[in-house]
Amino acid sequence: MFVERIMTRDVLHVAPDATFAQVSEIMRLKKVRHLPVVEADGRLIGIISHRDVQRAQPSTITTLDVGEVKYLLSKVNAADIMHKKVITCAPSTLIEEAARLMRPNKLGCLPVVENDRLVGIITSVDLLDFFLDITGCWVEGSTRITVSLPDQTGQLAALLATVSAHGGYIVSVVSPRTPQSEGKRIAMIRFDADDAERVITGLREAGYDLSVDITASGK
């Protein structure tokens, strides 16, 4: 799945000459922690984080009076506090690749650009929502099991077939190839069934080593 499927398209942004007060007010009222800085032609030239705004404010122990503080901040605009080197992705970037860009760089968001023009934004919250969606967490009444499998071709397919054969409808499957022990891997299966116990009993009778992690979930 690509970033364009989960990105926010109507992106709040500011011009490079936006005042510090405008930037701060937009973040406060709209409850956003990042603001892209965009030229009139839509070209992305920078990004401002909530931390950048905090850093630009005078210290609480400053000797300046209120009037002096307001005067100094009135001289600050978005271009003065923005990050000019912005890590971005394209609408066609895989979602997991976007996450791989964000995680090591400790980014809270990733602007999405096309021909240098801002077309969207993806945040860490978007990635969390995506994770919850693909793991089936929102499916009420589903059951999640963790099964230990031999790390061999065909084992996962056989497991899913067994779940289906006992009346389970597969909601999601997660089975990364990172064996916990030599020759083993785990599969986390979420399924829906009129009789979840029947499915679990059938799996155990078929010789599967499993644990029931979540039942009747969905909230």
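1. Asp116 is exposed, with a relative accessible area of 51%. Exposed means over 50% relative accessible area, buried under 20%, and partly exposed in between, with a 1.4 Å probe and protein chains only. Asp116 sits in the loop between S3 and strand S4 (117-123). Its phi is positive, near 70°, and Asp116 is not a glycine. Helices (H or I, at least four residues) and strands (E, at least two) are DSSP runs, numbered from the N terminus.

2. On the basis of these values: this is a predicted model, in which local features need pLDDT of at least 70, side-chain atom pairs count only at pLDDT 80 or more, and totals for chains, interfaces and linings use all residues. Residues are numbered from 1 along each chain as its sequence is written, and side-chain values use heavy atoms, with hydrogens and water left out.

3. Lys106 also deserves a look. Its phi is positive, about 55°, though Lys106 is not a glycine. Most residues other than glycine have a negative phi. Lys106 lies in the loop between H5 and S3. It counts as exposed because its relative accessibility is 74%.

4. Lys106 turns up again at the largest pocket. Of the 19 lining residues, His34, Ser49, Lys106, Leu107 and Gly108 lie nearest the centre. Strand S2 (44-49), helix H2 (50-56) and strand S3 (109-114) are the elements that give two or more residues to this lining. H2 gives the largest share, 4 residues. The space amounts to about 480 Å³. A pocket is an open set of points on a 1 Å grid over the protein atoms alone, where a 1.4 Å probe fits, with protein on both sides within 12 Å along at least five of seven lines; lining residues have an atom within 4 Å of a point. The volume is the space filled by probe spheres set on the points, which are joined across faces, edges and corners.

5. What is the lining of the largest pocket made of, by class? It has 7 nonpolar, 6 polar and 6 charged residues. Here Ala, Val, Leu, Ile, Met, Phe, Trp, Tyr, Cys and Pro count as nonpolar, Asp, Glu, Lys and Arg as charged, and the others, Gly among them, as polar.

6. The second largest pocket holds about 250 Å³ of space. Its lining includes Asp10, Lys31, His34, Gly108 and Thr123. By class, this lining has 5 nonpolar, 4 polar and 3 charged residues.

7. Strand S1 (residues 34-38) is largely enclosed by the rest of the structure, because 4 of its 5 residues are buried. S1 runs antiparallel to S2, joined by 5 bridges. Strands pair if DSSP finds at least two bridges between them. Val38 faces Leu44 of S2. The hairpin has 5 residues between the strands, and Gly42 there takes a positive phi near 90°.

8. Thr93 lies in the loop between helix H4 (78-81) and helix H5 (95-105). Is Thr93 buried or exposed? It counts as buried, because its relative accessibility is 18%. Its side chain reaches the backbone nitrogen of Ala90 at 3.0 Å. Beyond neighbours within four places in sequence, Thr93 is in contact (heavy atoms within 4.5 Å) with Met1, Phe2, Val3 and Ala98.

9. In helix H6 (residues 124-134), Asp126, Leu127, Phe130 and Leu132 are buried. The buried residues of H6 pack against H5 and S4. Gly136 follows H6 and has a positive phi, near 75°.

Conventions: Polar contact = N/O pair within 3.5 Å; in protein donor to acceptor, adjacent residues only side chain to side chain.
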